[in-house]
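Q: Could we go through this model together? I would like to start with the overall layout and then turn to individual residues.

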Amino acid sequence: GVHIAGTMLPLSLLRTAQNHPMLVELKNGETYNGHLVSCDHYMNINLREVICTSRDGDKFWRLPQCYIRGNTIKYLRIPDEVIDMVQEEAQKENRGRGAARGGRGRGTFT
């Protein structure tokens, strides 16, 4: 599996990350910066509006889209706000279906 900061990557995280920017580093040292279009159970990833950087950081390519095989990926970097969204979703589900939502940013009136 692919690891993010030491934790296994749940597919729900990648689903939430769709259309968000992400950085993919391959085992050969190349990096791909692009927006996630789709991914599958094998961690194969489609990116769009991609900037590819060579292993040494001296060459750049702009690609309208690219396909990355899951078994070539070393790690993914996903924006914090995506990870926060997934954690919030998980907390909602953990609270039970019928639980009342609310309590966010209530503020006090003086």
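This is a predicted model: local features need pLDDT of at least 70, side-chain atom pairs count only at pLDDT 80 or more; totals for chains, interfaces and linings use all residues.

Q: How many helices and strands does the protein have?
A: The protein has two helices and seven strands. Along the sequence, these elements follow the pattern β-β-α-β-β-β-β-β-α.

Q: What percentage of the residues count as buried?
A: Of the 110 residues, 30% count as buried. The protein exposes about 7800 Å², and carbon and sulfur atoms supply 49% of that area.

Q: And what share of the contacts join residues at least 24 apart?
A: The share is 46%, taken among contacts between residues at least 6 apart in sequence.

Q: Now the core. Which residues in the largest nonpolar core touch the most other members?
A: They are Met 22, Val 24, Tyr 32, Leu 47, Ile 68 and Leu 76, in a core of 20 residues. The elements that give two or more residues to this core are α1 (11-16), β3, β4 (31-39), β5, β6, β7 (73-77) and α2 (80-94).

Q: Which element gives the largest share?
A: Strand β5 does, with four residues.

Q: Take Ile 68. What is it in contact with, leaving aside neighbours within four places in sequence?
A: Ile 68 is in contact with Val 24, Leu 26, Tyr 32, Met 43, Asn 44, Ile 45, Leu 47 and Ile 73.

Q: Let us move to β5 and β6. How many bridges join them?
A: Eight bridges join β5 to β6, and the two strands run antiparallel. Within the pairing, Val 50 stands opposite Leu 63 in β6.

Q: What about the hairpin; which residue takes a positive phi?
A: Gly 57 does, with a phi near 75°, in a hairpin that has six residues between the strands.

Q: Where is Ser 54 found?
A: Ser 54 is found in the loop between β5 (45-53) and β6 (60-68).

Q: Is Ser 54 buried or exposed?
A: Ser 54 is buried, because its relative accessible area is 10%, under the 20% cut-off. Leaving aside neighbours within four places in sequence, Ser 54 is in contact with Gly 29, Glu 30, Lys 59 and Trp 61.

Q: A different loop, then. Where is Tyr 42, and is this residue buried or exposed?
A: Tyr 42 is found in the loop between β4 and β5. Tyr 42 counts as exposed, because its relative accessibility is 66%, over the 50% cut-off.

Q: How far apart are the C-alpha atoms of Tyr 42 and Gly 70?
A: They are separated by 5.8 Å, although the two residues are 28 residues apart along the chain.

Q: On to charges. How many salt bridges does a search of the whole structure find?
A: The search finds three salt bridges. One of them is formed by Glu 25 with Lys 74, with the closest N and O atoms 3.4 Å apart. This pair links distant parts of the chain, since Glu 25 is in strand β3 and Lys 74 is in strand β7, 49 residues apart.

Q: Are those two partners buried or exposed?
A: Glu 25 counts as buried, at 15% relative accessibility, whereas Lys 74 is partly exposed, with a relative accessible area of 47%.

Q: What else does Glu 25 touch?
A: Not counting residues up to four places away in sequence, Glu 25 touches Glu 30, Thr 31, Ile 73, Lys 74 and Tyr 75. The C-alpha atoms of Glu 25 and Leu 76 are separated by 6.3 Å, and these residues are 51 residues apart along the chain.

Q: Which residues form the other salt bridges?
A: Glu 49 forms a salt bridge with Arg 48, with the closest N and O atoms 2.6 Å apart. Arg 48 counts as partly exposed, at 26% relative accessibility. Lys 92 forms a salt bridge with Glu 89, with the closest N and O atoms 3.4 Å apart.

Q: Where do Lys 92 and Glu 89 lie?
A: Both lie in helix α2, three residues apart, which is about one turn of the helix. Lys 92 is partly exposed, with a relative accessible area of 26%, and Glu 89 counts as partly exposed at 40%.

Conventions
Residues are numbered from 1 along each chain as its sequence is written. Side-chain values use heavy atoms; hydrogens and water are left out. Buried means under 20% relative accessible area, exposed over 50%, partly exposed in between (1.4 Å probe, protein chains only). Contact means heavy atoms within 4.5 Å. Accessible areas come from the Shrake-Rupley method with a 1.4 Å probe; for residues, only the protein chains shown count as cover. Two strands pair if DSSP finds at least two bridges between them. A nonpolar core is a set of buried Ala, Val, Leu, Ile, Met, Phe, Trp, Tyr and Cys residues joined through side-chain atoms within 4.5 Å. A salt bridge is a side-chain nitrogen of Lys or Arg within 4 Å of a carboxyl oxygen of Asp or Glu.
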